[in-house]
Protein chains: 2
Amino acid sequence: MLAGMTVLDSTHDPKLRAWVRSANAPDSEFPIQNLPLGVFSRDGEAPRGGVAIGDQVLDLRAALKAGLISGEAAEAAAEPRLNRLMAMGRPASRDLRAQLSRLLAEGSDAASQGDSILVPMSAARMQLPVAIANFSDFMASRDHSSRLGARRDPNSPLPQAFDSLPVAYHSRASSVHVSGEPVVRPNGQWKRKDGVHFGPTEALDYELELAVWLAGENALGVPVPMSRAPERLFGYGLLNDWSARDVQRWEMPPLGPFLAKSLSTTISPWVVTAEAMIPFEVPAARTEGVAPPLPYLDSEWNRARGGLAIAMEVWLLTSRMCAEGSGPARLTATDFMHMAWTPAQMVTHHATNGCNLLPGDLLGSGTCSGPTDEGRACMAEIILSGPIHLPNGETRRFLEDGDEVIFRGRAHAEGAVSIGFGECRAQILPAPAWPAD
Amino acid sequence: MLAGMTVLDSTHDPKLRAWVRSANAPDSEFPIQNLPLGVFSRDGEAPRGGVAIGDQVLDLRAALKAGLISGEAAEAAAEPRLNRLMAMGRPASRDLRAQLSRLLAEGSDAASQGDSILVPMSAARMQLPVAIANFSDFMASRDHSSRLGARRDPNSPLPQAFDSLPVAYHSRASSVHVSGEPVVRPNGQWKRKDGVHFGPTEALDYELELAVWLAGENALGVPVPMSRAPERLFGYGLLNDWSARDVQRWEMPPLGPFLAKSLSTTISPWVVTAEAMIPFEVPAARTEGVAPPLPYLDSEWNRARGGLAIAMEVWLLTSRMCAEGSGPARLTATDFMHMAWTPAQMVTHHATNGCNLLPGDLLGSGTCSGPTDEGRACMAEIILSGPIHLPNGETRRFLEDGDEVIFRGRAHAEGAVSIGFGECRAQILPAPAWPAD
């Protein structure tokens, strides 16, 4: 089954074109080779599953009613949450992809029904696509970990276990929400020179991460070896792991970050399936001088195809930029291929202790920093070399109220049609006054 | 509303007796003053809500059908999960308690229908009572934190923020299961003298904690001040936060415990409601020389009634004790009243950043160690002074396969009828062979 899951098929053919014309533009994030799944609503109607194609959303409920798609996977994908589809595993996801590709390909009879099964993306209100069962956040970038760790110990900046296992922590599922919803600046406690302080965070940061959505389920007590890990990867998105750095530094020892993270986590609405990502699989990154992983975290497949080539960017749009009519400024440009640990290794490590991973579980990759200066994927890293100077003369150390942070991602490979992740964006709102007690 | 929630009413009357005779025995854990809620099944029938009374379970579905209780709270409590009741908040829980107390009190007409609404506890298979939305685990015992922290730094054993806020981490919801289900020894990675090692943990420990179940919901971005925190406390149970100490030490810096904890968490099946605990509310513990909490973590109610008087014990039953026909040996005897932070403070702190707390969220109090030697509430603390010598000549440093760990708890107050929590128990099974890759 594994081999079948990770080889190209006709849905990946770079010559394939959609009858939705906007999907065929060379810069489209959603060509017919992508077909990401999401949940949307329109005009107050009930949420339902959809597929991004060019500047349109294919309404899966309408397509089902019209008899253009069928079967249990299609029915599950049309629901207001993708959990049941995720529970069905990758074979179901692959079958659905084949149906969708035929439906949307040039020459399909469905083209004549375009108006009844397509919704303009501008009219679709995207929802949280998944009822998130659990959210675990990794720290898989050597560049991120070593840049920030150097403040603690320049001679040994990495966490002690960094090269032996993908370091991670349990994070908060309830506060994950979808792109477009604002983020309220949190109140919190931290230590200042004048003592312990409580108030709105003064160090609100973004962290650019990849979201990894899980398929299938292992029972409590039953591990997932590397040979089975790829089956558990349902798909990917962009994730902003908002962080209050002042709160984090104070609360963190020894149990790790807590309220510095659970203030909010923003995810992109489209789930780019593992099937769509097959052309962009690359060898797992290796670092000279670092021993190969222990056998339980190693596999031939992972060495050859465990990594993913995804160009990732962060843009900042300040209130003043909006008022001036200027576009956002780019703060980060990096690539997921630099990560020291792969999604498959994260899955296997997470379940070594028998922890039951559920359909709809969310993994964050950790901040996706790369080796170059522009690859610093959070403000805490960027300001190690001083304040951030924006093109319009503004400066930043951390985020201010009214700032909007926008993530973008594009998978890329020679000979393949590049596919996009859509945006993951949110604006910062002022902290609430502390409620009268 | 708050005042009404925290004053005694006729359901707490120590003279009240039940028509279920076993409930009136002086050592009964489940007298009519308790009325804890749980979910049970019998003979393969569908799970449903029940109330512990003496050695019986009141079948809430049967009581509803017989017209002995009514209303939305009673219907929600009869469901296979208590989440909907928890969403309704404490007023619903109080109304339900009043109905149950009348139904079970001596003189009630319901006594004549005993056979049709009671199930012997020995025939009831207890279930996980709640679909756990999120699980956060605190570290609120000064004695636990300082004993273990002294290994790191004898002069400054407490976490830096310990006296300023209730330290906590996000833990894993999916691997929480109910008392009676075995715990599989986890595989994991840690560092030994001969290098990084992967295999079954050699340092499996228990942690005696109080489970705190939450009621109601605050929207993301909306904090919960101390004045509203008591409304969010639905009830309590016992919680075993199983810990693999070797794995924990290796993986922990800097993001905190991960696989050392998500291997399994065992909770007791009965939810002792906050209403039942009113007679056992005590002043929040104060430590000489420690500054009072910042105003946002302080309230008059909390100072007077935020703590809880609960005697808690840990017993160990080894395979050899079973074979010898001897009873379990007591390893820990402590009291929740020693905790440095109260459940109300945990709620308010958790939501200072606007984190949305949901009905069915679970908080762990952290290991409930007390100041005396017998108050050490995990093996890592006990063996600081050498191996554990059991009465039958066996010794332990950590748990062995076949060992069964049993938690018990009893709330106590002068002039009140003591109420019990039932057992939280589980046996350790051998680690699985690592699956062939």
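User: What makes the pair A:Arg172 and B:Asp361 a salt bridge?

Analyst: This is a predicted model, and side-chain atom pairs count only at pLDDT 80 or more. The closest N and O atoms of A:Arg172 and B:Asp361 are 2.6 Å apart. The cut-off is 4 Å between a side-chain nitrogen of Lys or Arg and a carboxyl oxygen of Asp or Glu, so the pair A:Arg172 and B:Asp361 is called a salt bridge. Between chain A and chain B the count is two salt bridges.

User: How many residue pairs are in polar contact between the two chains, and which elements of chain A give two or more residues to that side?

Analyst: There are 24 residue pairs in polar contact between chain A and chain B, with both residues at pLDDT 80 or more. On the side of chain A that touches chain B, the elements giving two or more residues are the strands β6 (135-138), β7 (168-171), β10 (187-192) and β11 (195-200), along with the helices α8 (245-251) and α11 (343-350). The largest share, four residues, comes from β7(A). By class, that side of chain A has 38 nonpolar, 22 polar and five charged residues.

User: What is the size of the interface between chain A and chain B, and how is it expressed?

Analyst: Interface size is often given as the accessible area lost when the parts come together. Between chain A and chain B about 5900 Å² is buried, with carbon and sulfur atoms giving 63% of it. In chain A, the residues that lose the most area to chain B are A:His170, A:Leu255 and A:Phe258, together 14% of what that side buries. Each chain, A and B, brings 65 residues to the contact.

User: Why is the peptide bond from A:Pro253 to A:Pro254 worth a remark, and what is its omega?

Analyst: Most peptide bonds are trans. The bond from A:Pro253 to A:Pro254 is cis, with omega near -5°. A:Pro254 sits in the loop between α8 and β16 (265-267) of chain A. In chain B, the bond from B:Pro253 to B:Pro254 is cis, with omega near 0°. The loop that holds B:Pro254 runs between α8 (245-251) and α9 (259-262) of chain B.

User: How do you know whether A:Leu35 is buried or exposed?

Analyst: Its relative accessibility is 2%. Buried means under 20%, so A:Leu35 counts as buried. A:Leu35 has a positive phi of about 60° although it is not a glycine, and its place is the loop between α1 (2-5) and β1 (37-41) of chain A.

User: And B:Asp43, buried or exposed?

Analyst: The relative accessibility of B:Asp43 is 68%. Exposed means over 50%, so B:Asp43 counts as exposed. B:Asp43 also has a positive phi, of about 50°, without being a glycine. The residue lies in the loop between β1 (37-41) and β2 (48-53) of chain B.

User: Why is helix α7 of chain B called largely enclosed?

Analyst: Seven of the eight residues of α7(B), residues 142-149, are buried, so the helix is largely enclosed by the rest of the structure. Those buried include B:Arg142, B:Asp143 and B:His144. The cover over the buried residues of α7(B) includes α13 (379-382) of chain B.

User: What makes B:Ser141 a cap of that helix?

Analyst: A side-chain oxygen of B:Ser141 lies 3.3 Å from the backbone nitrogen of B:Asp143. The limit for a polar contact is 3.5 Å, so B:Ser141 is said to cap the N-terminal end of α7(B).

Terms used
Residues numbered from 1 in each chain as written. Chains lettered and ligands numbered in written order. Predicted model: local features only at pLDDT ≥ 70, side-chain atom pairs only at ≥ 80, totals over all residues. Heavy atoms only, no water. Contact = heavy atoms within 4.5 Å. Buried area = accessible area lost by both parts, 1.4 Å probe. Polar contact = N/O pair within 3.5 Å; in protein donor to acceptor, adjacent residues only side chain to side chain. Nonpolar A, V, L, I, M, F, W, Y, C, P; charged D, E, K, R; others polar. Buried < 20%, exposed > 50% of the residue type's maximum accessible area, 1.4 Å probe, protein only.
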